[in-house]
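Me: I'm new to this one and would like a close look at a single part. Could you walk me through the salt bridges and what surrounds them?

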Amino acid sequence: LGVRYSKGEVINVLTAYSDADHGGCPDSGKSHSGYVCFLNNGPVSWMSKLQQAVAVSTTEAEYYAASYCASEIVFLRGILEDFQFEQEGPTLLHEDNQGAVYLMKNEVMFSRAKHINVRYHQLRDFVKKKIINVQHCRTDQMVADILTKLLPKATFQRHRCQLLGYA
């Protein structure tokens, strides 16, 4: 198996998927974050790690994971700009938790999220400045699931094909 990069209708457009498992670590109660960033349908950056803070809800865990991904998106957009592949619009970030998507887009809900560490709210600025466009995706289409939890064989194989650019 290998990674396949292909030309599509749009060339050199960055997209990303972000996911978390809430409280996946049995010892600390911390969640695992995972993300993968794609360029030309192939992965160019990915991460899977234990979150630094304990999330009190699934929405919070997903929000933390999306924040990590947002930082990577900004970094990759800068590299692409250096190579004369400036992104014309916001980078699409796929997120399967509707609460997290709502929190990223809606300032009214911010009052209920004051307990979330301020450093993670940079994500809201990226969305507001149209650097990132967050879009909800169905859980069965969340490619980053493979980086955060055990999956049934068929789901694992489907996500692996997507990650390698064969989907």
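Reply: Here is a tour that starts with the whole chain and then settles on the salt bridges and their surroundings.

First, some ground rules. This is a predicted model, where local features need pLDDT of at least 70 and side-chain atom pairs count only at pLDDT 80 or more, while totals for chains, interfaces and linings use all residues. Residues are numbered from 1 along each chain as its sequence is written, and side-chain values use heavy atoms, with hydrogens and water left out.

Going along the sequence, the order is β-β-β-α-β-α-α-β-α. Of the 167 residues, 45% are buried. Here buried means under 20% relative accessible area, exposed means over 50%, and partly exposed is in between (1.4 Å probe, protein chains only).

Now for the part you asked about. A search of the whole structure turns up three salt bridges, each being a side-chain nitrogen of Lys or Arg within 4 Å of a carboxyl oxygen of Asp or Glu. As background, side chains of opposite charge can pair when their charged atoms come close.

Start with Lys149 and Asp19, whose closest N and O atoms are 2.7 Å apart. This pair ties together distant parts of the chain: Lys149 sits in the loop between E5 and H4, Asp19 belongs to strand E1, and 130 residues separate them. Asp19 counts as buried at 0% relative accessibility, whereas Lys149 is partly exposed at 33%.

Lys149 has another salt bridge, with Asp145, and there the closest N and O atoms are 2.8 Å apart. Through shared partners, Asp19, Asp145 and Lys149 are joined into one network. Asp145 is buried too, with a relative accessible area of 5%.

Then there is the salt bridge between the side chains of Arg138 and Asp140, at 2.9 Å from N to O. Arg138 is partly exposed, with a relative accessible area of 48%, and Asp140 is partly exposed as well, at 39%.

What about the strands around here? E4 (residues 91-95) has four of its five residues buried, so it is largely enclosed by the rest of the structure. Five bridges also join E4 to E5 (residues 132-136), and those two run parallel. His94, for instance, has Gln135 in E5 as its bridge partner.

In general, an α-helix has 3.6 residues a turn, so residues three or four places apart point the same way. After H4 comes Gly165, with a positive phi near 85 degrees.

Methods
Two strands pair if DSSP finds at least two bridges between them.
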